[in-house]
Amino acid sequence: MVAKPGLHSWADPGDWPYDPLTMSDLKALPAGWWVKVLVPGTPPWVIRELVQSGHPVMIRIFVKFEGDNVNRYKNPIDLLKDVYLPIKQAVDAGASVIEILNEPNLHIAGSNPEGYGLMWNSGRDFAEYGAAIDVTLKNSLPNIKTIFPGLSPGFDIPGVRMNDVRFRNEAWRLTEYADYIGVHAYWGNGSSVYTAINDVNAFVRTATKPVWVTEFSNVNPHISRADKAKEYKEFFRLCEADAAFIYLYAATVDPRGEALRNTDGMKVLLER
């Protein structure tokens with residue numbers, strides 16, 4: 001099985017520069033490639049143009065669990081009050097799949113904390129929070145599909161991360177509501193693309209829902225973008241997940257050398 005290919009677009013907080021180069025690069029992806037965007041933050045016209053150019057769009061709900069939001073978003077319905085309008089605008093523009101937040105087993109203080117340790121303290125807590133978002137969105141946007149979010153893979157780090165396998169097992173209730181189960185896969189510091197592929201495929205074979213790899217990348221900053229792009233093509237070829245998204249097209253800060261914009265990596269990716 002070949003995973004449906006996708007590319008994660010801009011990944012920075014704030015206003016992303018969906019400039020002519022960005023739109024040209026994303027539209028140049030082969031027809032049928034998915035594009036992942038963050039909402040709020042991505043204008044509806046971007047989604048509309050991508051869909052019209054033959055690229056289906058998934059969105060990830062993007063919020064910051066910091067400052068006043070820590071108290072305001074204790075109730076997921078209050079979170080939805082802030083993000084529902086841009087989500088609806090994105091869906092009206094053609095987005096069809098929504099990832100319910102991001103890496104909810106992770107908390108890195110001062111770096112856009114993802115909610116763990118602030119809004120929920122376990123997978124069970126997150127399942128209740130995420131299910132409220134899932135059900136509310138589907139009641140008002142009945143044609144959408146939802147994704148149990150990709151988790152930060154790895155072992156327990158007290159105060160920072162809960163092991164992804166344990167967190168997902170605790171959050172089983174949300175996997176029943178969501179249409180797809182998201183995972184994240186990274187390699188490059190002591191592991192290979194084939195290790196990542198094997199790990200994903202092993203999970204796919206036991207999962208109760210179709211699996212979407214909502215982020216994958218080689219995180220070694222010393223590997224060229226062109227070589228990374230070659231590995232990404234191999235990932236698509238051998239991955240048994242339903243869909244997989246390269247992380248990423250561009251970022252203002254890129255310490256792991258993952259961004260493909262203005263690099264040979266983008267050229268390799270676009271080679272037929």
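Start with helix α5, residues 123-140. At 1.5 Å a residue, its 18 residues should span 26 Å, and the end C-alpha atoms are 26 Å apart, which agrees. The expected span is 1.5 Å times one less than the number of residues. Helices here are DSSP runs of H or I with at least four residues, strands are runs of E with at least two, and both are numbered from the N terminus.

Before you go on, note that this is a predicted model: local features need pLDDT of at least 70, side-chain atom pairs count only at pLDDT 80 or more, and totals for chains, interfaces and linings use all residues. Residues are numbered from 1 along each chain as its sequence is written, and side-chain values use heavy atoms, with hydrogens and water left out.

**Stay on α5: the buried face**

Select G123, F126, A127, Y129, G130, A131, I133, D134 and L137. These are the buried residues of α5. Buried means under 20% relative accessible area, exposed means over 50%, and partly exposed lies in between (1.4 Å probe, protein chains only).

What do the buried residues of α5 pack against? Show the strands β3 (57-61), β4 (97-99) and β5 (145-148). Contact means heavy atoms within 4.5 Å.

**Next: α2 against α4**

Select helix α2 (residues 44-52) and helix α4 (residues 76-93). They pack at an angle of about 20°, with their axes 8 Å apart. Axes are lines fitted to C-alpha atoms, for helices over the stretch in contact, and angles run from 0 to 180 degrees between N-to-C directions. α2 and α4 are therefore roughly parallel to each other. The classes are: under 35 degrees roughly parallel, over 145 roughly antiparallel, 65 to 115 roughly perpendicular, and the rest oblique.

The crossing of α2 and α4 is right-handed. A crossing is right-handed if the near helix is turned clockwise from the far one by less than a right angle, and left-handed if anticlockwise.

Now show side chains. From α2, P44, I47, R48 and V51 meet Q89, A90 and A93 of α4. By class, this contact has 5 nonpolar, 1 polar and 1 charged residues. Ala, Val, Leu, Ile, Met, Phe, Trp, Tyr, Cys and Pro count as nonpolar; Asp, Glu, Lys and Arg count as charged; the others, Gly among them, count as polar.

Select helix α1 (residues 20-28). The axes of α1 and α2 come within 10 Å and cross at roughly 30°. α1 and α2 are therefore roughly parallel to each other. α1 passes α2 in a right-handed crossing. On the α1 side, pick M23, L26 and K27; on the α2 side, pick W45, V46, E49 and L50. These residues make the contact. By class, the contact of α1 with α2 has 5 nonpolar, no polar and 2 charged residues.

**Backbone stops**

Most residues other than glycine have a negative phi, and most peptide bonds are trans.

- Zoom to V39 and P40. The peptide bond from V39 to P40 is cis, with omega near 0°. P40 lies in the loop between β2 (34-39) and α2.
- Go to Y247 and L248. Their peptide bond is cis, with omega near 15°. L248 sits in the loop between β8 (243-246) and α10 (264-270).
- Select N262, in the loop between β8 and α10. N262 has a positive phi of about 60° although it is not a glycine. N262 is exposed, with a relative accessible area of 64%.
- Select E103, in the loop between β4 and α5. E103 has a positive phi of about 40° although it is not a glycine. Is E103 buried or exposed? At 10% relative accessibility, E103 counts as buried.

**Last stops: single residues**

Select N69 in helix α3 (residues 69-72). N69 is buried, with a relative accessible area of 17%. Leaving aside neighbours within four places in sequence, N69 is in contact with K64 and M119.

Move to R166 in helix α6. At 38% relative accessibility, R166 counts as partly exposed.

Finish at P5 in strand β1 (residues 4-8). P5 and K233 are 228 residues apart in sequence and 8.9 Å apart in space, C-alpha to C-alpha. Leaving aside neighbours within four places in sequence, P5 is in contact with G32, W33, W34, F236 and A244.
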